[in-house]
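This report describes the fold and selected contacts of one protein chain. The sequence and the model are shown first, and the description follows.

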Amino acid sequence: MLPVRLSRSLLSLVLASVGLGACARVPATSCAPLGEFPGPEDFESIEREGQTLLLVSARDRRDYDDSSDNGIWSVDPTTGASARLQIHGRDGCWLAPHGISTVEVEPGRWELWSINHFRNPTRDGGEVPAGQPPECAELVHGIEHYRVEDDGLHFVERLTAPALLTNPNELDVLPDGRLWLSNNPEWPGGKGLAADVLLHRARGQVLHRDPAAGFSVAAEGLVFPNGMYAEPGGRALWVSAAHGRYYRLELDAAGHELSRSAHRVRPRATLDNFFFAEDALWVTGHPKGLALSLIHI
């Protein structure tokens with residue numbers, strides 16, 4: 001077992017509690033570092049044999065050419081004991097996981113879905129990375145599906161939709177395989193993100209994937225949509241976005257938006273990933289720059 005360490009880019013974690021229309025009393029800060037590893041992006045919890053484990057997506061953002069520590073890491077939240085999970089049955093395509101979602105498809109049987117950004121020479125420049133099959137060079141973004149087993153992750157399938165998956169960020173999956181993900185315009189080298197946020201350019205989307213019907217646009221007109229949380233049954237979806245805004249979308253039977261209700265937190269943070277804990281929905285937020293908050297909505 002290798003020691004796991006939270007990234008140094010995660011400077012602080014502050015707990016805040018917010019109601020749907022008014023601020024509630026802010027609880028005392030409570031956080032503890034588990035260490036460091038490159039670029040933790042997202043995490044999910046699973047229960048295996050009575051033990052809670054965190055599964056964390058990580059990729060090196062400081063040295064883009066180094067993928068040696070990229071992957072999904074397992075962390076014991078009580079001890080900090082952790083290890084990068086071995087992946088079985090996957091090809092040699094570039095591994096750079098982003099948003100992840102876990103789902104218990106049967107009691108005790110878990111699956112994990114991950115957005116992956118591939119190393120694409122046409123987009124990123126340079127040559128196909130050493131050891132990567134040439135056919136991988138055609139991939140830009142995709143969603144990878146794994147079974148969680150005692151010996152690691154077992155690759156099931158890779159989903160791609162080049163015309164729609166322009167810049168996927170976060171996703172949430174239901175046990176029946178339906179999923180929703182946030183998707184933005186392609187921002188080469190990050191250019192365009194700041195303009196979209198500062199100018200309130202609502203170019204972001206929510207995409208839906210139905211196992212039978214494939215990918216489709218579920219909602220549009222959002223400024224930097226990010227976090228996703230699908231309510232059980234798949235008839236409502238929570239979406240976090242820029243300017244402290246988050247939305248609850250009522251969905252039709254096809255998983256598409258029927259209506260939305262908008263909410264806002266103060267300060268007007270750029271909101272990030274959702275997670276459900278203690279019978280409440282929480283969302284991370286960036287009040288300014290690299291500052292990070294955890295908000296109870």
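A residue is called buried if its relative accessible area is under 20%, exposed if that area is over 50%, and partly exposed in between. By this criterion, 50% of the 297 residues of the protein chain count as buried. The model is a predicted one, and every value below is computed from it.

**Overall architecture**

Two helices and 22 strands make up the assigned secondary structure of the protein chain. Among contacts between residues at least 6 apart in sequence, 50% join residues at least 24 apart.

**Strand pairs**

| Strand pair | Bridges | Residue pair |
|---|---|---|
| β3 (residues 40–48) and β4 (residues 51–58) | eight | Ser45 and Leu54 |
| β5 (residues 71–75) and β6 (residues 81–84) | three | Val75 and Ser82 |
| β12 (168–173) and β13 (residues 179–183) | four | Asp172 and Trp180 |

Strands β3 and β4 form a hairpin with two residues between them, and Glu49 in this turn has a positive phi of about 55°. A hairpin is likewise formed by β5 and β6, here with five residues between the strands; Gly80 in the turn has a positive phi of about 85°.

The pair β12 and β13 belongs to an open sheet of four strands, in which the order is β12-β13-β14-β15 and the pairing is antiparallel. At the edges of this sheet lie β12 (168–173) and β15 (214–222), each of which pairs on one side only. From one strand to the next, the twist averages 20°.

**The disulfide**

Which cysteines form a disulfide? They are Cys93 and Cys136, whose sulfur atoms are 1.9 Å apart. Cys93 lies in the loop between β7 (87–88) and β8 (97–106), and Cys136 in the loop between α1 (121–124) and β10 (141–149), so the pair ties together parts that are 43 residues apart in sequence. The link of Cys93 and Cys136 is left-handed, with -75° about the S-S bond. The count for the model comes to one disulfide.

Cys93 is buried because its relative accessible area is 5%, and Cys136 counts as buried because its relative accessibility is 1%.

Is His117 buried or exposed? His117 has a relative accessible area of 8% and is therefore buried. This histidine lies in strand β9 (residues 109–117).

The side chain of His117 makes polar contacts with two other histidine side chains. The contact with the side chain of His98 is 2.7 Å, while that with the side chain of His141 is 2.8 Å. When residues up to four places away in sequence are not counted, His117 touches Arg59, Trp94, Ala96, His98, Val140, His141 and Pro168.

Methods:
Residues numbered from 1 in each chain as written. Predicted model: local features only at pLDDT ≥ 70, side-chain atom pairs only at ≥ 80, totals over all residues. Heavy atoms only, no water. Pairing = 2+ DSSP bridges. Buried < 20%, exposed > 50% of the residue type's maximum accessible area, 1.4 Å probe, protein only. Polar contact = N/O pair within 3.5 Å; in protein donor to acceptor, adjacent residues only side chain to side chain. Contact = heavy atoms within 4.5 Å. Axes fitted to C-alpha atoms, helices over the stretch in contact; angles between N-to-C directions. Disulfide = S-S within 2.5 Å.
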